[in-house]
Amino acid sequence: MPKLELLPAVDVRDGQAVRLVHGESGSETSYGSPLEAALAWQSAGAEWLHLVDLDAAFGTGDNRELIAEVAGAMDIKVELSGGIRDDASLAAALATGCRRVNLGTAALETPEWVAKVIAEHGDKIAVGLDVRGTTLRGRGWTRDGGDLYETLARLDAEGCARYVVTDIAKDGTLQGPNLGLLRDVCAVTDRPVVASGGVSSLDDLRAISLLVPEGVEGAIVGKALYAKAFTLEEALKAVAV
Ligand SMILES: O=C(O)c1ccccc1N[C@@H]1O[C@H](COP(=O)(O)O)[C@@H](O)[C@H]1O
């Protein structure tokens with residue numbers, strides 16, 4: 001059985017590495033330099049970095065140069081999210097050398113463009129399914145964007161390679177992942193799923209690992225690492241098989 005991939009997160013707002021609660025603007029706790037955070041996760045043995053431009057996601061500007069600097073400094077694979085909604089922002093994201101990008105709002109608001117870039121870029125494109133209940137949210141998680149399962153069926157048909165599933169109610173709360181949601185998504189798609197939101201302990205990571213046979217490929221870990229609930233080295237050891 002393949003091991004669960006871990007993706008430590010660096011979310012950037014106003015030039016700083018931050019964590020939010022439920023993705024709400026204004027709930028930030030700041031953790032300093034995004035480059036230092038990313039280098040620390042890399043030194044600790046990460047194989048992936050989940051890098052998010054929160055200003056671009058919220059529409060409050062962007063951190064494009066800093067994001068490119070961080071992505072460019074990494075020897076590990078980078079998954080880039082936030083504000084990738086058109087040809088120009090996609091080109092800028094891919095030019096950072098990242099391994100793949102996550103599209104959120106675009107998958108809800110401009111489905112034709114998303115179908116086109118999936119066809120052009122294959123597994124360099126993942127879709128972030130950010131949900132409250134079973135309703136998708138876009139534009140910094142401030143607007144409803146349709147039903148999770150209808151959108152998933154459409155994206156599957158268009159050849160989307162991978163989904164990053166975030167339970168907004170769990171994100172940044174250290175309350176444990178929504179394992180039921182992950183199981184439900186895996187039951188309706190054969191594409192790999194990256195779990196996001198709520199990880200609080202090594203036991204949470206072990207519980208997500210048990211879903212690898214059902215289709216969960218990875219888990220994004222944010223607040224728990226910054227809050228020092230465990231170290232990344234401990235996390236990597238916990239999911240090693
Ligand atoms: O990661 C967060 O905490 C987050 C919070 C609020 C909005 C977005 C967030 N992150 C990721 O950003 C992309 C969506 O950006 P866009 O809609 O494509 O501009 C998605 O991967 C979210 O999970």
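Figure 1. A side-chain N or O atom of Asp 11 is 3.2 Å from an oxygen atom of the ligand. For Ser 81, a side-chain N or O atom is likewise 3.2 Å from a ligand oxygen atom. The model is predicted: local features need pLDDT of at least 70, side-chain atom pairs count only at pLDDT 80 or more, and totals for chains, interfaces and linings use all residues. Residues are numbered from 1 along each chain as its sequence is written, and side-chain values use heavy atoms, with hydrogens and water left out.

**Figure 2. The shell around the ligand.** Of the 18 residues around the ligand, Gly 83, Arg 85, Gly 104, Thr 105 and Asp 130 come nearest; a residue is near a molecule or strand if one of its heavy atoms lies within 4 Å of it. By class, the shell has six nonpolar, eight polar and four charged residues (Ala, Val, Leu, Ile, Met, Phe, Trp, Tyr, Cys and Pro count as nonpolar, Asp, Glu, Lys and Arg as charged, and the others, Gly among them, as polar). Helix α2 (residues 54-58) supplies the largest share of the shell, three residues; helices (H or I, at least four residues) and strands (E, at least two) are DSSP runs, numbered from the N terminus.

**Figure 3. Side-chain contacts of Arg 13.** Arg 13 belongs to strand β1 (residues 5-13). Its side chain makes a polar contact of 2.7 Å with that of Ser 25 and one of 2.9 Å with that of Glu 28. With 11% relative accessibility, Arg 13 counts as buried (buried means under 20% relative accessible area, exposed over 50%, partly exposed in between; 1.4 Å probe, protein chains only).

Figure 4. Most residues other than glycine have a negative phi. Arg 139, in the loop between β8 (135-138) and β9 (143-147), has a positive phi near 50 degrees. Arg 139 is partly exposed, at a relative accessible area of 31%. Lys 228 lies in the loop between α10 (223-226) and α11 (232-239), and its phi is positive, near 60 degrees. Lys 228 counts as exposed, at 71% relative accessibility.

Methods. Polar contact = N/O pair within 3.5 Å; in protein donor to acceptor, adjacent residues only side chain to side chain.
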